Amino acid sequence: MDKKRGRPRNSEAKNAILNASYDLLLEMGFGSVTVEKIAEQAKVSKATIYKWWPNKAAVVMDGYLFAAAARLPVPDTGSVKEDLLAHAGNLAMFLASREGKVITELIGEGQFDSGLAEAYRTRYFGPRRQEAAQLLERGIARGELQAGLDVESSIDLIYGPIFYRLLLTGDDLGENFIQTLIRLALEGIQA
């Protein structure tokens with residue numbers, strides 16, 4: 001069996017870095033993860049990491065997103081209500097999981113680390129908002145939602161309460177909450 005010699009290919013090294021950053025994040029928390037520890041676990045140099053990422057926050061966020069992306073698919077059932085129930089429900093279940101609880105830690109750390117705050121806004125929350133906007137825009141196009149709907153405010157209306165419970169009240173994010181939330185939101189924005 002031939003073994004490859006020399007440096008790992010870029011994609012192999014990137015995957016190793018992303019996996020290492022995610023594993024360390026879950027194991028140690030954001031504050032304890034360092035680029036040195038990521039490099040050591042991924043078996044690459046710090047320079048290799050800095051070749052692709054500007055700082056710890058960026059590589060940790062990308063590692064987190066790399067691991068979490070498959071858990072939050074964007075539904076297209078043909079019904080805006082069913083799409084929102086699935087999307088918001090998947091998000092709530094994810095946020096209640098061990099992996100999802102990392103988001104609360106990142107949000108907290110981001111209050112003191114502007115690089116991390118920018119990373120989670122652009123790399124995590126920005127894409128999630130775009131997904132939600134797609135769901136709402138499809139609902140508008142199908143005539144299920146009001147023409148001229150303020151999509152950005154509607155996203156806040158639907159997803160804001162999930163984060164309010166996650167970060168402030170600690171109340172349940174279960175299926176009953178999601179169904180009630182979507183029902184109430186749709187009462188205000190349906191065509």
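## Isoleucine 49

At 1% relative accessibility, isoleucine 49 counts as buried (under 20% relative accessible area, with a 1.4 Å probe and protein chains only). This is a predicted model, where local features need pLDDT of at least 70, side-chain atom pairs count only at pLDDT 80 or more, and totals for chains, interfaces and linings use all residues. Residues are numbered from 1 along each chain as its sequence is written, and side-chain values use heavy atoms, with hydrogens and water left out.

You'll find isoleucine 49 in helix H3, residues 46–52 (helices are DSSP runs of H or I, at least four residues, numbered from the N terminus). Setting aside neighbours within four places in sequence, isoleucine 49 touches Ile17, Val35, Ile38, Ala39, Val44 and Val59 (contact means heavy atoms within 4.5 Å). Its C-alpha atom lies 8.6 Å from that of isoleucine 38, eleven residues away along the chain.

## H1 against H2

Ile17 and Ile38 also turn up where H1 meets H2; the H1 side includes Ala20 and Leu24, and the H2 side includes Lys37 and Gln41.

Helix H1 (residues 10–28) packs on helix H2 (residues 35–42) at about 120°, with the axes 8 Å apart. That makes H1 oblique to H2.

## The whole chain

Zooming out, the protein has nine helices and zero strands. Of its 191 residues, 42% count as buried. The C-alpha atoms fill a box of roughly 60 × 40 × 30 Å along the principal axes. Among contacts between residues at least 6 apart in sequence, 66% join residues at least 24 apart.

Terms used:
Axes are lines fitted to C-alpha atoms, for helices over the stretch in contact, and angles run from 0 to 180 degrees between N-to-C directions. Helices (H or I, at least four residues) and strands (E, at least two) are DSSP runs, numbered from the N terminus. Angles under 35 degrees count as roughly parallel, over 145 as roughly antiparallel, 65 to 115 as roughly perpendicular and the rest as oblique. Buried means under 20% relative accessible area, exposed over 50%, partly exposed in between (1.4 Å probe, protein chains only).
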